[in-house]
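I opened the model to look up a few local features, and these are my notes in the order in which I took them.

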Amino acid sequence: MDEHDNKKSFGEYIRRKRQEAGLTQGELAGRLFVTESAVSKWERGLSYPDVSMVVPICGALGITEHEFFTACDDDQAHVQARQAAVWRGVTRNTRRFFAVSYAIAVVVCFICDLAVFHALDWFWIVLTGCGLAFCFTNLPALVGRSRLTVCLGAATGCLFLLLLACWWYAGGWWIIGGLAITAASLALPWGWWAVWRFYGRHVLPLCAAVLTVWVFGLLAVIWAFAGGDWLVPVAFPLALAGCGFFWAGFAAVYWLPAGPWGKAGAVALLVSFATPVFNGLCDLLLEDTGGPRFLDYFSVADMLARRAAGDLSWVNSLIFQIMLVISAAVAAVGVAAEIRRRKR
C-alpha cells in the first residue's frame with residue numbers, strides 16, 4: 001500500500017469516527033479551531049493533521065491515541081507517533097515548570113507581605129496575576145470539553161480581579177474607567193468566540209467585522225472617561241482609514257482570485273501606501289508637521305531637497321519609494337504567474 005492509499009484509509013477512518021460522534025465537518029473544525037477545508041482534506045486523504053492536533057482530535061472523536069495511529073499504518077504514522085510523544089513530554093514539562101513557578105511566587109510573596117508589611121495588600125496583585133497566567137499556560141490542559149469557553153471565562157474573571165486588587169492597593173477613582181475599558185477590550189475576544197461558536201461559515205469575514213466595530217467602540221469608551229474633543233474630528237477618521245486599509249488587505253488575501261504572489265503583491269502595495277496616506281491624514285487633522293505631503297512622497301527631487309536641508313522627514317520618502325518599487329516587483333511577478341496559470 002503506497003502513501004496515498006494509507007492517507008486515504010486514514011481519512012476514511014476519521015470520517016467514520018466523526019459521523020459516529022454525530023459531528024459535521026464544520027462542527028469538528030470548530031472544536032479543533034481549524035478550518036472546515038482542513039478537516040475535508042484529512043478525510044479525502046490529501047493531508048495529515050499536524051502532530052499538535054493529535055490529542056484534540058482524539059478528544060473530539062472519542063478515540064485513543066493508539067487507535068489514531070493504528071488507523072494510519074505507514075511510515076508517516078510512526079514518525080507522527082514519535083513526534084507526538086516528544087510533543088507531549090515537552091508540553092507536560094512546560095506546564096509543570098509554570099505550575100511550580102506560580103506556586104513559589106505565591107508562597108514567597110505571601111510570606112514577604114506578612115513579614116515585611118504585616119498585612120496582605122500587594123500579595124493579592126501577585127495572586128491574581130499568577131491566576132491570569134495560569135489560565136493561559138495550565139488550565140487548557142485541565143479542561144476537556146468547552147476548553148476555549150472555560151479558559152476565556154476564567155481569564156476574564158482573573159483580569160477583573162487583578163484590576164480590583166490593584167485598586168485595593170493603590171486606591172483612586174480610576175477603577176471605574178479601568179473596568180469599563182477592560183470590559184470594552186474583552187468584547188473583542190468574546191465576540192470572536194461567539195462567531196466561532198455559533199457560525200460555521202464565513203468565520204474570518206465575521207471576525208474581521210467584529211474587529212472593525214470593536215475599534216470604534218473601544219475608542220468611544222476611552223473618550224467617555226478621558227474626555228477631550230479628539231474622538232470625532234481625529235480618532236474616528238484615522239480609525240476609519242486604518243479599517244479601510246485592513247479590509248482592502250483582507251479582501252486581497254481572502255477574496256482576490258489570484259495566486260500567492262498576486263495576493264502578496266496587492267498586500268505589499270497597500271502597506272506601501274499606508275505611510276503617505278496616514279501621514280497626510282495626520283497633517284490634515286492635526287497641526288501640520290511640515291513633513292512631505294502625499295504627492296511629495298513620489299518625488300525624488302523633494303526627498304533630496306529635504307535631505308540637503310537637514311529635514312529628517314526625507315527618510316519617510318526614501319522608505320516609501322523603496323517599498324513601492326519592491327511591491328510593484330512582487331505584484332508584477334504575481335500578474336505574470338496568474339497569466340501563466342490561466343493559460344494552462
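This is a predicted model: local features need pLDDT of at least 70, side-chain atom pairs count only at pLDDT 80 or more; totals for chains, interfaces and linings use all residues.

I looked up His118 and found this residue exposed, because its relative accessible area is 66%, where exposed means over 50%, buried under 20% and partly exposed in between, with a 1.4 Å probe and protein chains only. His118 sits in the loop between α6 (75-117) and α7 (123-137); helices here are DSSP runs of H or I with at least four residues, numbered from the N terminus. Its phi is near 55°, a positive value in a residue other than glycine. I noted beside this that most residues other than glycine have a negative phi.

Residues are numbered from 1 along each chain as its sequence is written, and side-chain values use heavy atoms, with hydrogens and water left out.

I then turned to Phe33, another non-glycine residue with a positive phi, here near 60°. Phe33 lies in the loop between α2 (25-32) and α3 (36-43), and I list this residue as partly exposed because its relative accessibility is 42%.

Next I checked Thr182, which belongs to helix α10 (residues 174-198).

Which residues make the nonpolar surface patch? I listed Trp124, Leu127, Leu161, Leu164, Trp167, Trp168 and Trp174, which together form a patch of about 720 Å². Patch members have over 30% relative accessible area and no salt bridge, and nonpolar side chains (Val, Leu, Ile, Met, Phe, Trp, Tyr) are joined within 5 Å; a salt bridge is a side-chain nitrogen of Lys or Arg within 4 Å of a carboxyl oxygen of Asp or Glu. Both α7 and α9 (147-170) supply at least two residues of the patch, and α9 gives the most, with four. Leu161 is in helix α9 and counts as partly exposed because its relative accessibility is 48%.

I went on to the aromatic rings, where the count comes to 22 pairs, taking rings of Phe, Tyr and Trp (its six-membered ring) as paired if their centres lie within 6.5 Å, with planes under 30 degrees apart stacked, over 60 edge-to-face and the rest tilted. One of these pairs, Phe246 with Trp247, is edge-to-face, at 6.0 Å centre to centre and 75° between the planes. Trp247 also pairs edge-to-face with Phe250, at 5.5 Å centre to centre and 75° between the planes. Trp247 and Phe250 are both in helix α12 (residues 231-254), three residues apart, about one turn of the helix. I classed Phe250 as buried because its relative accessibility is 14%, whereas Trp247 is partly exposed at 26% and Phe246 is partly exposed at 32%. I grouped Phe246, Trp247, Phe250, Tyr254 and Trp255 as one aromatic cluster.

My last entry concerns Arg307, which lies over the face of Trp314, at 5.3 Å from the ring centre; the rule asks for NZ of Lys or CZ of Arg within 6 Å of the ring centre and within 35 degrees of the ring normal.

Key:
Patches are made of residues with over 30% relative accessible area and no salt bridge: like charges are joined within 9 Å, nonpolar side chains (Val, Leu, Ile, Met, Phe, Trp, Tyr) within 5 Å. Accessible areas come from the Shrake-Rupley method with a 1.4 Å probe; for residues, only the protein chains shown count as cover.
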